[in-house]
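Dear colleague,

Please find below the structure that I am handing over to you. I would be grateful if you could look through it before reading the notes that come after it.

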Amino acid sequence: MLASRLLSTAAYLPPTIRQLLARTLPITKDAEIQVNGWVKSIRRQKKVAFAVISDGSSEFGLQAVFTDVTLAKHLTNGASVRLSGRLTDSPGAGQAKELQVSQAELLGGCDPETYPMQKQALTVEYLRDHCHLRARTREIGAMLRLRDSTTRAINDYFHDNGFVHVHTPIITSNDCEGAGETFRIVSSSDLPVSPTPNATATAPTPSPPEGSPSEYFNHPAYLTVSSQLHLEAVAAAISRVYTLSPCFRAERSQTSRHLAEFWMLEAEWAFTASVADLCAVVEGVLRHVLRTHAASPDMAALWRAKAAAHPKSASASTDAPPDRLAALLALADAPGAWARMTYTQAIAALAAHHTATGAFAFAPVWGRGLQSEHERWLAEEHVRGPVFVTDYPAALKPFYMRANADGGEGAQGPTVACFDLLVPGIGELVGGSLREERLGLLEAAVERHGLAKADYEWYMDLRKYGGAPHGGFGMGFERLISWISGIESVRECVAMPRWAGRMLL
């Protein structure tokens, strides 16, 4: 066993540029090292050539110095290379280290005349059209590394708080949110065959065996919109669970906040009995994420890019990206809990502002959902920071949310024990609730929402057999990345975005 472990550690990978620049590896002064990557820029002089090499591991590339200019003869932007040489202190400005190249191998050439990723500014739409190459840009590369470091921060938080990560199903038999915006799954063998000009040359699709179900699973199946119900089943045995997994929603919204395929952080835990407890955990996760990225070069790079795209003006100094970044990072260690207000209080504040200014396209009325403009105003103008809005009308929310004993002060109807976290620049970031653990009330809610009771027998069983008070939340991961990075559209917060009318790659 010991021998096999020694063998596994002996077969090492060459250091990444990030590791080299961070000086995390013991490298002797005159040691020959190997660097793999792509050429980001090349500059040739008569007796020396300079290239910046990136392997995607870091916001910063490594400057390679060719005192033998023939070694750089075939290098062009975008080409992949393997370089060998000595890592030395750099006498030039802009970098602490540089590679004095002794050997260079061109692994994959790149024609500079046809290479789509030229050095000039490229529009967002152009990069979407070249989605397979856009990870080579500084902004998308920084976003992908930010996704990675955020995922690790989330995992660390939940691990430290006793949660177990669970892999939940992607294929489901229910629409958790009840909105009807699901993608239905159909086996390719069940699809109708379209006639073709050369139909005789096409093998017919075999008929299903006699007696086989009309549905592949003998039941309609969908791509999941949420892992909540499955997490609830697991949380009835393993009391604290979470997942970060893909979700799918077939809504046709074209806003900057919506994707058809997205990632969702969801957590469920038993033996919690107040919305305040749920809000405290959500706040804890987000504070930890922000604290982890206080010195993140990738987060800083994305905010610098935003500042360059939106130059600071005297008339809008408070909205400038550097100020927003500072305010964002300050939330990590802000004294006191983030703001809380009930839905009824939120409607009262919105209505007063609308009466005074006529600011909203949609008049705020008790019993109606909050529009994006309402959410943004509450977070950006009224509170000027994150705010948990709690206790929404029961008619606006799904069947599984726990009914409040009374609507609360000023409420005009029954409410449920739930919350949405609204943040500046985004609006809704997180939604959660206590789950209805009282069997009789849950059965009544299923019937009231017009759901088939037979489809939720298993969900009722969780209450029949040792059901405990429990709750949880869901957080859109791309929205989280948008919030902490300043990226305006969630379509630039994922490697390969999909939305209505467009599937890239």
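This is a predicted model: local features need pLDDT of at least 70, side-chain atom pairs count only at pLDDT 80 or more; totals for chains, interfaces and linings use all residues.

Aromatic residues

The count of aromatic pairs comes to 14. In one of them, the ring centres of Phe163 and Trp269 are 5.7 Å apart and the planes stand at 80 degrees, so this pair is edge-to-face. Phe163 belongs to the loop between helix 4 (138-160) and strand 6 (164-165), whereas Trp269 belongs to strand 11; the pair therefore ties together parts that are 106 residues apart in sequence. Phe163 and Trp269 are both buried.

A further edge-to-face pair is formed by Phe388 and Phe419, with 5.7 Å from centre to centre and 65 degrees between the planes. Here too, distant parts of the chain are linked: Phe388 is in strand 13 (residues 387-390) and Phe419 in strand 14 (residues 418-423), 31 residues apart. Phe388 and Phe419 are both buried.

Phe163 and Trp269 also belong to an aromatic cluster, together with Tyr157, Phe158, Tyr242 and Phe473.

The charged end of Lys397 sits over the ring of Tyr392, at 4.3 Å from the ring's centre. Arg463 lies over the face of Tyr459, 4.0 Å from the ring centre.

Salt bridges

How many salt bridges does a search of the whole structure find? The search finds 26.

One of these salt bridges joins the side chains of Lys97 and Asp89, at 2.6 Å from N to O.

Another salt bridge is formed by Arg128 and Glu125, whose closest N and O atoms are 3.4 Å apart. Both residues lie in helix 3 (residues 124-129), 3 residues apart, which is about one turn of the helix. An α-helix has 3.6 residues a turn, so residues three or four places apart point the same way. Arg128 counts as buried because its relative accessibility is 9%; Glu125, with a relative accessible area of 37%, is partly exposed. Arg128 and Glu125 also take part in a network of salt bridges that links them with Asp129, Arg134, Glu492 and Arg502.

Helix 10 (residues 372-382) holds both Arg376 and Glu380, 4 residues apart, or about one turn of the helix. Their side chains meet in a salt bridge of 2.3 Å, N to O. Arg376 is partly exposed, with a relative accessible area of 34%, and Glu380 is partly exposed as well, at 24%.

Helix 11

Which residues of helix 11 (residues 439-448) are buried? They are Leu442, Ala445 and Val446. Seen down the helix axis, these buried residues fall within an arc of 100 degrees, so they line one face of helix 11. What covers them includes helix 12 (457-464). The face turned away from the buried side of helix 11 carries the exposed residues Glu447 and Arg448. After helix 11 comes Gly450, which has a positive phi, near 70 degrees.

Cysteines

A disulfide is a covalent bond between the sulfur atoms of two cysteines. The structure holds 0 disulfides. Cys418 is accordingly in no disulfide, and the nearest cysteine sulfur, that of Cys279, is 9.6 Å away. Is Cys418 buried or exposed? At 0% relative accessibility, Cys418 counts as buried. Cys131 is also buried, at 5% relative accessibility.

His258

Where is His258 placed? His258 is found in the loop between strand 10 (240-248) and strand 11 (261-270). Although in a loop, His258 counts as buried because its relative accessibility is 15%, below the 20% cut-off. Leaving aside residues up to four places away in sequence, His258 touches Glu251, Ser253, Arg479, Val490 and Arg491.

With kind regards

Terms used
Residues are numbered from 1 along each chain as its sequence is written. Side-chain values use heavy atoms; hydrogens and water are left out. Helices (H or I, at least four residues) and strands (E, at least two) are DSSP runs, numbered from the N terminus. Buried means under 20% relative accessible area, exposed over 50%, partly exposed in between (1.4 Å probe, protein chains only). Contact means heavy atoms within 4.5 Å. Rings of Phe, Tyr and Trp (its six-membered ring) pair if their centres lie within 6.5 Å; planes under 30 degrees apart count as stacked, over 60 as edge-to-face and the rest as tilted. A charge sits over a ring if NZ of Lys or CZ of Arg is within 6 Å of the ring centre and within 35 degrees of the ring normal. The arc is that of the directions from the helix axis to the C-beta atoms. A disulfide is a pair of cysteine sulfur atoms within 2.5 Å. A salt bridge is a side-chain nitrogen of Lys or Arg within 4 Å of a carboxyl oxygen of Asp or Glu.
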